[in-house]
Amino acid sequence: MSLILDTRTLLVSRYSRMPWWAKIAVVFGLSRIVSTTMLLLFAATQPGIAGWVSEHPGLLEYSSLWDGQWYWRIALYGYPSELPLNEDGLVGENAWAFMPVYPFLVRAISVVTFLQWPFVASVLSLGFGLATALLLYRLLLRYITGSQALFAVVLYCLAPVSAMLQVTYAESMGAFLLTLSLWLLVRRNYGWMFPVVAVMALTRPTGLAFALMLGLWWIMRFIRRVADAFDVREMVVTALLGLFTAAMGFAWPAIAWIVTGSMTAYTDTELAWRRSFIGDQHLIPFSPWFQGANWWIGSAWGSVFLVIVVAAAIASFWLPQMRKLGLELRLWCMSYGIYLLAVFFPQSSTFRMLMPLFPALGAISQPTSKVYRWMLVIACIYGQWIWLSIAWYIGFNDWTPP
């Protein structure tokens, strides 16, 4: 027992003396051991399902399921010039729902290195996951202590959906580009933001939410211009940045329109994924969440529950922990929440879609109680298991994509 305690003390002492980047690397590495172990355990019991997955697949195959298959298909064949139609003449699920930067980047690396797509895609996700953890720490360090920022990174790496940091999805790359955009905005390096937000908007659908955030940020900066200097040059540059970001937010739907000849190609494709829940519906802003709440909970209580949840989320912005995070991070969380409420239909991928709210972990991480922190860590690990069992593991007639 004494030997165990001495070893633990030695490890803690050595860890405490590491540079900040090494501490983050250790956290990230340990978290990947946790997630990889869970993926392997689920893979060991995975039945073979024709067209989806083989029986007891290896890690690379199991990391390339669901949307990973779409990205792989895009890397090989690109996007269709004609939209697929179902028996009712409605647009079916197709590749236009997925943005091009991640699959084409993986394809380019695969061609150059002669490595298989699943391996390159997984390694790329891991690389961006580590880069996000490192940059997130530096970003949060502007607002909270080193211990709090480090614990926020721990929560990010162990979150219930943190398998996204290593599977063949674009989420890891999108998270890095988002963190980099926020970092540049906080440091007011506006020139570098133009190329970064352009790539970000074509990696994950966050461009319009970021444009909304920039618009709100510009208004707040203008109101506070006496206390926080906001000269004419900065006003013009940031206004142009906001307009550029909004244009990039609409770029992918515009590209889909040009290639397919259908002005609504992108929205029709996105609507195809919710048709099995609520039938054929037009996209009416802010209606999908009410439709989803009523479908999942029931028409009597669904909307009531949604209103309570939204009210609680709004109230959280007045908590001292959130106010401590600064204007940019709070406005991002607010803007992305508004964006989701406007366009997203809640279903099994909801928790994954909430992933870009990770800057709010800087508020959750602020209490220093060891009991509180260990409870959160345990809850995150248990949440990973639940999320993988519900969303990633494929059962027969599965309808719960992650």
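Colleague: By class, how many nonpolar, polar and charged residues does the lining of the largest cavity have?

Modeller: This is a predicted model, and its largest cavity is lined by 13 residues. Those nearest the centre of the cavity are G174, A175, R204, T206 and P356. Sorted by class, the lining has 9 nonpolar, 2 polar and 2 charged residues.

Colleague: Which helix gives the most to the lining of the largest cavity?

Modeller: The search of the whole structure finds 1 cavity of 30 Å³ or more, and the volume of the largest cavity is about 130 Å³. With 4 residues in the lining, the helix that gives the most is α8 (residues 171-187).

Colleague: How many charged residues are in the lining of the largest pocket?

Modeller: About 1,600 Å³ of space lies in the largest pocket, and 48 residues line it. Nearest the centre of the pocket are V309, T350, F351, L354 and L357. Of the lining residues, 39 are nonpolar and 9 are polar, and the number charged is none.

Colleague: Which helices each supply at least two residues of the lining of the largest pocket?

Modeller: The lining of the largest pocket comprises 48 residues. The helices that each supply at least two of its residues are α7 (146-158), α15, α16, α18, α19, α20 (361-364) and α21 (370-392).

Colleague: Why do the buried residues of α15 line one face of the helix?

Modeller: The buried residues of α15 (residues 288-297) are P288, W289, G292 and A293. An α-helix has 3.6 residues a turn, so residues three or four places apart point the same way. Seen down the axis of α15, the buried residues line one face because they fall within an arc of 130 degrees.

Colleague: Which helices do the buried residues of α15 pack against?

Modeller: The residues concerned are P288, W289, G292 and A293. They pack against α16 (302-315), α18 (327-343) and α19 (350-353).

Colleague: Is C333 buried or exposed, and with what relative accessible area?

Modeller: C333 is found in helix α18. Leaving aside neighbours within four places in sequence, C333 contacts F317, L357, P359 and A360. Buried means under 20% relative accessible area. C333 therefore counts as buried, at 7%.

Colleague: Which residues does M213 touch, not counting those up to four places away in sequence?

Modeller: The largest nonpolar core has 114 residues, and M213 is one of those that touch the most other members, along with Y102, Y156, M193, F210, W332 and W392. Helix α6 (residues 117-140) gives the most to this core, with 11 residues. With residues up to four places away set aside, M213 touches L182, L185, E328, L331, W332 and S335.

Colleague: What is the relative accessibility of F286?

Modeller: F286 sits in the loop between α14 (275-278) and α15. Its phi is positive, near 70 degrees, in a residue other than glycine. Most residues other than glycine have a negative phi. F286 counts as partly exposed because its relative accessibility is 42%.

Colleague: Is N397 buried or exposed?

Modeller: N397 lies in the segment after α21. N397 is not a glycine, yet its phi is positive, about 55 degrees. The cut-off for exposed is over 50%. At 75% relative accessibility, N397 therefore counts as exposed.

Key: Residues numbered from 1 in each chain as written. Predicted model: local features only at pLDDT ≥ 70, side-chain atom pairs only at ≥ 80, totals over all residues. Heavy atoms only, no water. Buried < 20%, exposed > 50% of the residue type's maximum accessible area, 1.4 Å probe, protein only. Arc of directions from axis to C-beta. Contact = heavy atoms within 4.5 Å. 1 Å grid on protein atoms, 1.4 Å probe; cavity = no way out; pocket = protein on both sides within 12 Å on 5 of 7 lines; lining within 4 Å. Points joined across faces, edges and corners; volume = space filled by probe spheres on them. Nonpolar A, V, L, I, M, F, W, Y, C, P; charged D, E, K, R; others polar. Core = buried A, V, L, I, M, F, W, Y, C linked by side-chain atoms within 4.5 Å.
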